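Colleague: May we go through this structure together, beginning with the ligand and then turning to a pair of helices?

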Amino acid sequence: MVPGVGRTAVRPFPVPGTATGRCLVMGILNVTPDSFSDGARYLARDAAVGHGLAMVRNGADLVDVGGESTRPGASRVSEPEELRRVVPVVQALVASGVRVSVDTMRARVAAAAIGAGATVVNDVSGGLADIEMGRVVAESDVTYVAMHWRGHSDQMMERASYLNVVEDVRSELLRRVDALVAAGIDAGRIVLDPGLGFAKNADHCWALLRGLERILDLGHPLLVGASRKAFLGRAAEQSSGAVPTAADRDHLTAAVTTLAAAAGAACVRVHDVRSSRDAVTVAGVWQSPS
Ligand code: PMM
């Protein structure tokens with residue numbers, strides 16, 4: 001039996017107006033020149049907004065706008081450049097009625113995006129990269145995604161060392177929750193994310209997916225970000241001998257979405273929205289009482 005499948009209820013993603021009975025699908029909108037699978041495609045504002053709207057037509061519940069690549073080895077973008085990439089896109093999507101999340105580690109970018117109408121702050125550093133993040137989020141009423149993180153992209157793979165990856169990630173996330181609540185964030189607004197691929201090798205990622213229940217039992221909704229990541233490419237290579245390109249990993253991603261949704265994830269963050277919406281539907285029907 002696959003751990004979690006058929007047993008765990010979804011703890012809903014706490015964003016007003018979104019569906020509550022199923023895993024949400026967050027569409028990825030990287031307004032960057034260098035993200036690993038879609039870098040440079042949506043750097044122009046109109047192209048970015050058009051892609052965001054297309055993801056909503058394909059079933060995205062939220063669009064996650066990011067202006068800084070976090071692929072392994074990436075160097076940091078300046079704050080003014082991140083603001084310049086992100087804020088106009090957030091504004092335009094919000095004006096079109098889209099629910100927007102901002103993918104940033106910077107408090108000032110989060111504040112500007114909240115001012116432009118974002119209702120979720122997705123912080124891959126879980127508040128560790130910018131000491132002001134807790135205060136900015138506490139002063140608003142947005143949902144906060146705290147991802148497990150051990151350092152910036154240029155150092156993270158040196159830090160991929162664990163005694164027991166599931167238990168270590170769980171306890172480090174718990175420490176982040178305590179710090180974020182101490183900074184004034186309502187615990188009910190905190191979503192947790194195991195941070196697949198961030199200071200984790202392929203074995204770590206699979207162990208975390210098998211162990212989602214241990215993270216879920218911290219009592220927070222869970223977001224899973226597996227989309228097109230290298231550990232999926234590695235699995236396909238082991239099974240077929242060929243390494244799929246990042247853009248060819250959407251079927252692999254959708255398979256993870258089915259299992260993550262069935263295991264109780266509240267949200268998946270994906271590039272290809274339609275296949276993951278279908279996967280969420282399958283997981284929901286599979287689990288509905290007959
Ligand atoms: N992964 C990436 C960026 N942001 N946010 C969350 N919460 N979880 C993730 O796993 C995550 C993230 C890197 O992927 P991308 O370059 O395709 O956006």
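The questions and answers below follow that order.

Modeller: This is a predicted model, in which local features need pLDDT of at least 70 and side-chain atom pairs count only at pLDDT 80 or more, while totals for chains, interfaces and linings use all residues. Residues are numbered from 1 along each chain as its sequence is written, and side-chain values use heavy atoms, with hydrogens and water left out.

Colleague: Which side chain has an N or O atom 2.7 Å from a nitrogen atom of the ligand?

Modeller: A polar contact here is a pair of N or O atoms within 3.5 Å. The side chain of Asn-30 lies 3.2 Å from an oxygen atom of the ligand, and a backbone N or O atom of Gly-225 lies 3.3 Å from a ligand oxygen. The side chain at 2.7 Å from a ligand nitrogen is that of Asn-122.

Colleague: How are the residues of the shell around the ligand divided by class?

Modeller: Ala, Val, Leu, Ile, Met, Phe, Trp, Tyr, Cys and Pro count as nonpolar, Asp, Glu, Lys and Arg as charged, and the others, Gly among them, as polar. The shell therefore divides into 7 nonpolar, 5 polar and 4 charged residues.

Colleague: Are helix 5 and helix 6 roughly parallel or roughly perpendicular?

Modeller: The axes, lines fitted to C-alpha atoms over the stretch in contact, come within 9 Å and cross at roughly 75°. Angles of 65 to 115 degrees count as roughly perpendicular, so helix 5 and helix 6 are roughly perpendicular.

Definitions and conventions: Polar contact = N/O pair within 3.5 Å; in protein donor to acceptor, adjacent residues only side chain to side chain. Axes fitted to C-alpha atoms, helices over the stretch in contact; angles between N-to-C directions. Helix = DSSP H or I, 4+ residues; strand = E, 2+ residues; numbered from the N terminus. Parallel < 35°, antiparallel > 145°, perpendicular 65-115°, else oblique.
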